[in-house]
Structures are given as structure tokens and as C-alpha cells.
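Subject: Structure for you to look at

Hello,

Please find the sequence and the structure below. My notes on what was found follow after them.

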Amino acid sequence: MNDAVAVTDALLRVRDLRVEFGGRAVLREVSFDLFAGETLGLVGESGSGKSTLARAVLRLLRASRGSVAWRGRDLLACDSRTLRALRRDLQIVFQDPLASLDPRMTIGETIAEPLRIFELALDEPARAGRVAGMLERVGLAAAMAGRYPHEFSGGQCQRVGIARAMILSPALLICDEPVSSLDASIQGQIVNLLRDLQADNNTAMLFISHNLAVVRHLSHRILVMYSGRLVEMAPRDALFDRPIHPYTRALLAAVPSPWAPQPQPAATAVPASLPSATGCSYRERCRYAAAICAATEPPLEEVVPGHFAACHRARELMT
Ligand SMILES: Nc1ncnc2c1ncn2[C@@H]1O[C@H](COP(=O)(O)OP(=O)(O)OP(=O)(O)O)[C@@H](O)[C@H]1O
Ligand code: SF4
Ligand SMILES: [Mg+2]
């Protein structure tokens, strides 16, 4: 990980994003920027809306409000032809490596698919050469190109998924729990592979994980999501050393060592309708809850430069 990321114009600028399923808002008022070469970690318990955010950003599902500006163009508003062209630069790696690969395609065909779609000028030998190079880059033998996904382990399938996502050197890679289904011994290898590929290409990364140790290892900044909203956003060290929001503090209370098997947090019982404009959605669980917390929902505010929290008592809690 590069310690410093040049802060220029944001590659990705998400503003006031909202997603509803059946009239229920599962993502609300989500705003953040992502810069070239930056890794933004996204944490939060099961059901908090992390995958929904990833999919809404890539327009794999429809947001009901907000904007997602990619290099200044709104992905949510552009026509489908423009979106298809922009997708070249926007890739995602999913949690379940085997399920995300087409069982009828050899892994060579799978990795070559983005080249077929976006690099029409490449002839077959050139494409095969690029695939072989990419296979080797992710730690697999080029000779494996003719095999099918079921012949590979979970870790190898994830390497294939990463090779497919990275073959066009995308400017943005979203990783939605890319290692949580893998054995602990393999997780570190895959995380380091992602980190190395990111450094090679100066790719911006949105990295979703339950594993706080991995998020700490990879991220420059971290977003904390609770019940569909961002409740804290801060540079990595500020977040881990000086967390503000009571939910973040609870989440960080026990950070295990890197690569230790992670217990999957239990799914949160999400209320039939999430708390509306009244009150803080964390108040039932918050030991610091006060009268104001039931009356109004706290906005996400910059408490110290670069460090944002959505808590009425943020300034008191910092002292
Ligand atoms: N297609 C859908 N239809 C209806 N509700 C959905 C759909 N997808 C997600 N949800 C709901 O949206 C909320 C957020 O789900 P999401 O999958 O984004 O959470 P998550 O933070 O990624 O959880 P996990 O850590 O378990 O992956 C949950 O209440 C979930 O039940
Ligand atoms: S706003 Fe109130 S209830 Fe919500 S996290 Fe802060 S102190 Fe707790
Ligand atoms: Mg998810």
C-alpha cells in the first residue's frame, strides 16, 4: 500500500445515494469520494448495505436518488451505450469465486472475455498471450488456460476472477468480500495479490470486508456503514486509533490478528422500515444515547479535518 495518495480530483464522486427495495430504504444519504490509487475500506455488519452500495455504484441495481460521478460523468444518468463503454474501467470481484465464474467456459475464455468485448483489434494469438501473462501474474500456470472452474480450488478460482477483473487494467476495482469464503491460509495471498496488482496499475479500490485486520492492512481511508448510512469516514490510522462513533468503537473493540479466521457477524434484524428522519438508528444499542438522539438523526459531519462522524455527541466523545 502506498502511504500517500495524491489528492486531486476524485475519480468517483458519490452523492446522496439512496436505494429502496419494495419501498424500504436500505441505503440512504451515502456520499463519499474515491481518488486514483486509493483504497477505501468499507466495513459494517451483515445487512448494513455494503453490497447494495457496491452494486448501486456500478449501476448493477437502480438507485432511487443520488449521483455517481465517474471522472465527472454521472453513471446513473448516462445512456446504456455510454455505460457499457465506461464499464471497461469499472470492475468487480465477488465473494463466491466459483459461483462468479461461468462453468461452461474455460478459465482462459473467462479471462479473455473483457478483451473480446473491449479490445476488438486484438487477434487470437495476441489475446492468448495477454491471458497467459495475466494467469502468470495472478500465480497460475499459463498452461491452465484450457481447464474449467470446477477443476480449481476456491483460492485458484478467486485468482481467475481477479485476473478477469484486472486484464483491462481498470481504474476502479470493487472487491465485495473477496477473501471471506477462502481458507485463512489463502486469504493473505489473495489480499497481497490484490494489493500488488493495485500498485502496478494505480487502481482505485473499494474494498468491502468483515475482516478488520485485512481492511486495516489495505486501506488508506475507511467508511463505516450502519443500517444503510455512513456513520464514520476517516483515514485508516485515525479510524483505528481514534474512532469517534459509538458503533465504530464497538466494532473495533476486539481486532484480531491478520489472517485469523473471522467469525461472520450475525445478520442484523433489519426493522421492517428503517428509522426515518427521526432519531439515530444506533440509539437502541448505544450506551451514550441522549434525548436528542431520539429526536433527530445526526448528519455525517467533519469533526476534525478529514474525519467525519454521524453522532450528536461526537465532539464530547473525542475529549
Ligand atoms: N434484491 C434485494 N431485494 C430485497 N432486499 C434486498 C435485496 N438485496 C439486499 N436486500 C436487503 O438490503 C439490505 C442490505 O443488504 P446488503 O446485501 O447490501 O448488506 P451487506 O452489508 O452486503 O451484508 P453482508 O455483510 O451480509 O454481505 C438487507 O436488509 C438485505 O436484506
Ligand atoms: S447520535 Fe446518540 S445514539 Fe447515535 S451514536 Fe451518537 S450518542 Fe449514540
Ligand atoms: Mg454483502
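By class, the shell around ligand 1 has 3 nonpolar, 7 polar and 4 charged residues. In this scheme Ala, Val, Leu, Ile, Met, Phe, Trp, Tyr, Cys and Pro are nonpolar, Asp, Glu, Lys and Arg are charged, and the others, Gly among them, are polar. The model is predicted: local features need pLDDT of at least 70 and side-chain atom pairs count only at pLDDT 80 or more, while totals for chains, interfaces and linings use all residues. Residues are numbered from 1 along each chain as its sequence is written, chains are lettered from A and ligands numbered from 1 in the order in which they are written, and side-chain values use heavy atoms, with hydrogens and water left out.

Ligand 1 is surrounded by 14 residues, and the closest are Ser 46, Gly 47, Lys 50, Ser 51 and Thr 52. A residue belongs to this shell if one of its heavy atoms lies within 4 Å of the ligand. Strand S2 (24-34) and helix H1 (50-57) each supply at least two residues of the shell, and H1 gives the most, with 3 residues. Helices (H or I, at least four residues) and strands (E, at least two) are DSSP runs, numbered from the N terminus.

Which atoms of Gly 49, Lys 50 and His 210 come close to an oxygen atom of ligand 1? For Gly 49 it is a backbone N or O atom, at 3.0 Å. For Lys 50 it is a side-chain N or O atom, at 2.7 Å, and for His 210 a polar side-chain atom, at 3.2 Å. The protein covers 61% of the 630 Å² of accessible area that ligand 1 has on its own; such areas come from the Shrake-Rupley method with a 1.4 Å probe.

The largest pocket holds about 510 Å³ and is lined by 23 residues, of which Gln 91, Ile 92, Phe 94, Glu 113 and Arg 164 lie nearest its centre. Strand S6 and the helices H3 (107-118) and H5 (154-166) are the elements that give two or more residues to this lining. H3 gives the most, with 5 residues. On a 1 Å grid over the protein atoms alone, a pocket is an open set of points with protein on both sides within 12 Å along at least five of seven lines, a cavity is a set where a 1.4 Å probe fits but cannot get out, and lining residues have an atom within 4 Å of a point. Points are joined across faces, edges and corners, and a volume is the space filled by probe spheres set on them.

There are 2 cavities of 30 Å³ or more. The largest cavity has about 80 Å³ of space, and Pro 246, Cys 280, Cys 286, Cys 293 and Cys 311 lie nearest its centre among its 13 lining residues. The second largest cavity has a volume of about 40 Å³.

Last, 20 salt bridges were found in the whole structure, each a side-chain nitrogen of Lys or Arg within 4 Å of a carboxyl oxygen of Asp or Glu. One joins Asp 89 to Arg 71, with the closest N and O atoms 3.1 Å apart. Asp 89 lies in the loop between helix H2 (80-86) and strand S6 (90-93) and Arg 71 in the loop between strands S4 (65-70) and S5 (73-74), so the pair ties together parts 18 residues apart in sequence.

Regards

Definitions and conventions: A polar contact is a pair of N or O atoms within 3.5 Å; within protein, one must be able to donate a hydrogen and the other to accept it, and residues adjacent in sequence count only if both atoms are side-chain atoms.
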